[in-house]
Amino acid sequence: MHPPTVHRPLPVPAPFSPGRGVLSGGRKLPPEIVRSGNRFSGQPLQFFTLRSRGGNTLSKVGFPAADRLGRVTDLRLILASASPARTKLLAEAGIAHQVLVSEVDEDAVTASYGVTDPHDTALLLARAKAEAVAALPEADGTLVLGCDSVFELDGEPYGKPHEPQIARERLRRMSGRHGVLHTGHWLVDCRATAFDTEDPENNDAGSGATVGAVASAAVHFSQLSDAEIEAYVATGEPLHVAGSFTIDSLGGAFIERVDGDPHAVVGLSVSTLRRLLANANVQITDLWS
């Protein structure tokens, strides 16, 4: 099992040099995801459809952002997730953002890349979500953040159970024990770079960064009675969340303690986001609404 708190950044792909739309080895990117700068350098994840639920834009929270002097900025952060818990967390942290979701075939992504480790699965799926949204026209000029959470118990990954019986069985196994919740984060800088604008002195240009990290926390559960498990499953809450539990809603009653970043258990670590933004030469305070 991974240690309680893990922040392992994935290596940033090699700098974009062969020319727009070309990967190392001369391989071409699919034309529908050829974008500006180097944000698709390195192998793209292609297991997604370029359409989103509800007509792309689901919500806008806290726009516009302001810099440290209170001036309105052009910085826009897109959260590539429909999770209400994640957007609520960002809003409560004062971070202006927009929600934009594209459907990702998670099973196809993990099967193609042969990833089984829960830690790596969370990062891979976060990247798939971020790159899917970054390929949409609405993402031009923005920073896109993808997130995905995977719960690990006895080395096994627990995603969303969807079925009551699966949730019931998982909660019985988790009762009185502890596991690790891994939340992958992937940030894509979709702003035009100085190369795109042909202005090397443009300090507001994008970085071309595409970088990820995982925040993990050990979650210790109380001993649950069969009646408590049945009541919790009956609410429907554990069916649609990673690991079959929440910490910020009904499931919080069954968690004794968390070792690590509690925000990672909610599904988005604000401190991890801060570090990723630094790779794009952005300070998190610049996104405060």
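Contact here means heavy atoms within 4.5 Å. The model is predicted, so local features need pLDDT of at least 70 and side-chain atom pairs count only at pLDDT 80 or more, while totals for chains, interfaces and linings use all residues. Residues are numbered from 1 along each chain as its sequence is written, and side-chain values use heavy atoms, with hydrogens and water left out.

**View 1. Helix α4 against helix α6.** Helix α4 covers residues 164-174 and helix α6 residues 226-235; helices are DSSP runs of H or I with at least four residues, numbered from the N terminus. Their axes lie 10 Å apart and the helices pack at an angle of about 145 degrees (axes are lines fitted to C-alpha atoms over the stretch in contact, and angles run from 0 to 180 degrees between N-to-C directions). On the α4 side the residues in contact are P164, A167, R168, L171 and R172, and on the α6 side D226, I229, E230, Y232 and V233. By class, this contact has six nonpolar, no polar and four charged residues (Ala, Val, Leu, Ile, Met, Phe, Trp, Tyr, Cys and Pro count as nonpolar, Asp, Glu, Lys and Arg as charged, and the others, Gly among them, as polar).

**View 2. The R172 and E230 pair.** R172 and E230 form a salt bridge, with 3.7 Å between the closest N and O atoms (a side-chain nitrogen of Lys or Arg within 4 Å of a carboxyl oxygen of Asp or Glu). R172 belongs to helix α4 and E230 to helix α6, so the pair ties together parts that are 58 residues apart in sequence. R172 is partly exposed at 41% relative accessibility, and E230 is partly exposed at 35% (buried means under 20% relative accessible area, exposed over 50%, partly exposed in between, with a 1.4 Å probe and protein chains only).

**View 3. Other salt bridges.** The whole structure has eight salt bridges. In one of them, R191 and D189 have their closest N and O atoms 2.8 Å apart, and both residues are buried. R257 and D259 also meet through their side chains, at 3.4 Å from N to O. R257 is partly exposed at 44%, as is D259 at 27%. E106, K129 and D148 are linked in a network of salt bridges.

**View 4. A128 in helix α3.** A128 is found in helix α3, residues 118-134. A128 counts as buried because its relative accessibility is 1%. The C-alpha atoms of A128 and C147 are 9.2 Å apart, and the two residues are 19 residues apart along the chain.

**View 5. Helix α1 and G94.** Helix α1 spans residues 84-92, and its buried residues include A85, R86, T87, L89 and L90. G94 follows α1 and has a positive phi, near 75 degrees.

Conventions
Helices (H or I, at least four residues) and strands (E, at least two) are DSSP runs, numbered from the N terminus.
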